[in-house]
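The following explanation is intended to be read alongside the sequence and the coordinates. Please keep both in view while following the text.

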Amino acid sequence: MLPEPYRLHHRADFSRTVRRGQRIGRRDLVVHVLTHGYDGVMDVHGDPAEPVVRVGGPRFGLIVSKAVGNAVIRHRVARRLRHMCLQIVPELPADADIVIRALPGAAAASSEELLRQLRAAIRKLGVGSTGAASVGSA
């Protein structure tokens with residue numbers, strides 16, 4: 001179970017992250033990331049947007065559509081993704097909102113493969129602890 005401070009609940013938070021954040025696609029996942037600055041939300045170009053009050057660490061939102069499978073399969077995929085989000089919380093800055101969209105292949109992919117894809121996406125976006133170091137050195 002993903003604790004309350006790490007969850008996105010409101011439609012506006014999902015929409016803001018998907019519209020203004022950076023996006024990267026992997027075989028079974030699409031990951032959207034939006035980081036917040038002290039003055040408010042920073043959009044993709046680093047410009048400040050409307051201010052947001054933050055409590056807790058990084059927040060995650062999941063999108064698992066009917067294309068992934070029936071209700072049983074969708075809930076299984078969502079549970080696996082929530083567990084993976086909890087594993088990567090220490091690697092992320094506290095001011096990040098992350099929306100993970102599961103693609104149809106996520107139903108058949110192993111948990112290890114999904115976690116590998118998620119970490120690679122976050123690293124490629126330069127948000128994770130290992131990604132920030134590699135971006136700074138380039």
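The paragraphs below treat the confidence of the model, the overall fold, the nonpolar core and the salt bridges in turn.

This is a predicted model, in which local features need pLDDT of at least 70 and side-chain atom pairs count only at pLDDT 80 or more, whereas totals for chains, interfaces and linings use all residues. Residues are numbered from 1 along each chain as its sequence is written, and side-chain values use heavy atoms, with hydrogens and water left out.

Confidence is expressed as pLDDT, the predictor's confidence in each residue, on a scale from 0 to 100. The chain has a mean pLDDT of 84, with 79% of its residues at 70 or more. Among the elements of the chain, the highest mean value, 96, belongs to helix H2 (residues 71-88), and the lowest, 43, to helix H4 (residues 129-137). The pLDDT is below 50 over residues 131-138, a stretch that has four contacts in the model beyond near neighbours in sequence; a contact here means heavy atoms within 4.5 Å.

The chain contains four helices and five strands. These elements are DSSP runs numbered from the N terminus, with helices (H or I) of at least four residues and strands (E) of at least two. Their order along the sequence is α-β-β-β-β-α-β-α-α. Of the contacts between residues at least 6 apart in sequence, 71% join residues at least 24 apart. The accessible surface of the chain is about 7,600 Å², and carbon and sulfur atoms account for 54% of that surface; the areas come from the Shrake-Rupley method with a 1.4 Å probe, and for residues only the protein chains shown count as cover.

Of the 138 residues in the chain, 39% are buried. Buried denotes under 20% relative accessible area, exposed over 50%, and partly exposed the range in between (1.4 Å probe, protein chains only). The largest nonpolar core comprises 27 residues, and those with the most contacts inside it are Val31, Phe60, Ile98, Ile100, Leu118 and Ile122. Such a core is a set of buried Ala, Val, Leu, Ile, Met, Phe, Trp, Tyr and Cys residues joined through side-chain atoms within 4.5 Å. Two or more residues of this core come from each of strand E2 (29-37), H2, strand E5 (96-102) and H3. Leu118, when neighbours within four places in sequence are set aside, is in contact with Leu29, Val31, Met84, Ile88 and Ile100.

Side chains of opposite charge can pair when their charged atoms come close. A salt bridge is counted where a side-chain nitrogen of Lys or Arg lies within 4 Å of a carboxyl oxygen of Asp or Glu, and the model has seven salt bridges by this rule. One network of salt bridges links Asp13, Arg16, Arg59 and Asp97. Within helix H1 (residues 11-20), Arg16 and Asp13 are three residues apart, about one turn of the helix, and their side chains form a salt bridge with an N to O distance of 3.0 Å. Arg16 is buried at 11% relative accessible area, and Asp13 is buried at 9%.

Asp13 also forms a salt bridge with Arg59, with the closest N and O atoms 3.7 Å apart. This pair connects distant parts of the chain, since Asp13 lies in helix H1 and Arg59 in strand E4 (residues 59-64), 46 residues apart. Both Asp13 and Arg59 are buried.

A further salt bridge joins Arg116 and Glu113 at 2.6 Å, N to O. These two residues are three residues apart in helix H3 (residues 111-124), a separation of about one helical turn. Arg116 is partly exposed at 46% relative accessibility, whereas Glu113 is buried at 17%.
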